[in-house]
Amino acid sequence: DPEKYRQPGKDLYPGCISEQKIYEQIFDILDKRNELAVFNCYNRDIELMKHLCKLSERLERTIVFEPESAYILKQMSGIEVPMIELKNQNSPAYQIEMKQERIAAETIRKNPGNYLLQNSYANILTLTDFDGIKGEYFHLFGEPLVEGTKTWKIMTNVVDKLGWHFHSFSNLYSFSHAYPNQLVYLIERINAKSVVAVHSKHPEKLNPVNSRQY
């Protein structure tokens, strides 16, 4: 019943998933497995990247980020992580000057089960460096965002050609997004005077109490 999601409350309804549950699912998939683990995340979601760093420690894997994401993580949180060497790319000066450890694809190929590797859609063809080895691909709210689009099909085709398992958590209320009942709770809690709904096909269904909705 969709209407139940509009009843204000902090708790999740049965069948909904929390961010922590997603991390636990990733752990369960990778625990005691030797496949290469690749994730595609939104590199400005610092909390997500920090959680993935902790997850890599639990899995006893080395987490490896692309240089751009490694730079953002260092600047925003002080966490230094190893970086994947991206071939045939003109790196900006700030990346050249970064002191973090650099790991080549050839090194990862030798012991793929030891790594948790970030890969953005812009660099998805670099995954062909790992052709012939088993892999698990986790789409964690990185680009492309919308299932069924041309870029989404390109991404899944690459993963399929590699023969990897594809895991997607993108089209859920998760990773910095709230469930509808939580939004209603927050609006009522702060006694909002005005409400502007975004990221919604049917904003009128929010129908906040004692608030003017635009």
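Predicted model: local features only at pLDDT ≥ 70, side-chain atom pairs only at ≥ 80, totals over all residues.
Reader: What makes Arg58 and Glu24 a salt bridge?
Author: The closest N and O atoms of Arg58 and Glu24 are 3.2 Å apart. The cut-off is within 4 Å, so the pair counts as a salt bridge. Arg58 lies in helix H2 (residues 46-59) and Glu24 in helix H1, so the pair ties together parts that are 34 residues apart in sequence.

Reader: Why is Glu24 called partly exposed?
Author: Glu24 has 26% relative accessibility. Buried means under 20% and exposed over 50%, so a value in between is partly exposed. Arg58, at 43%, is also partly exposed.

Reader: Is Glu35 buried or exposed, and how do you know that?
Author: Glu35 is at 12% relative accessibility. Because buried means under 20%, Glu35 counts as buried. Glu35 forms a salt bridge with Arg33, the closest N and O atoms being 3.0 Å apart, and Arg33 is partly exposed at 32%. Salt bridges with shared partners join Arg33, Glu35 and Glu136 into one network.

Reader: What makes strand S1 (residues 36-41) and strand S6 (residues 135-140) a pair?
Author: Six bridges link S1 and S6 in the parallel sense. Pairing needs at least two bridges, so S1 and S6 pair. In S6, Gly135 is the bridge partner of Leu36.

Reader: Why are S2 and S7 called edge strands?
Author: The open sheet has the order S2-S5-S1-S6-S7, with parallel pairing. Strand S2 (62-64) and strand S7 (165-168) each pair on one side only.

Conventions: Residues numbered from 1 in each chain as written. Heavy atoms only, no water. Helix = DSSP H or I, 4+ residues; strand = E, 2+ residues; numbered from the N terminus. Salt bridge = Lys/Arg side-chain N within 4 Å of Asp/Glu carboxyl O. Buried < 20%, exposed > 50% of the residue type's maximum accessible area, 1.4 Å probe, protein only.
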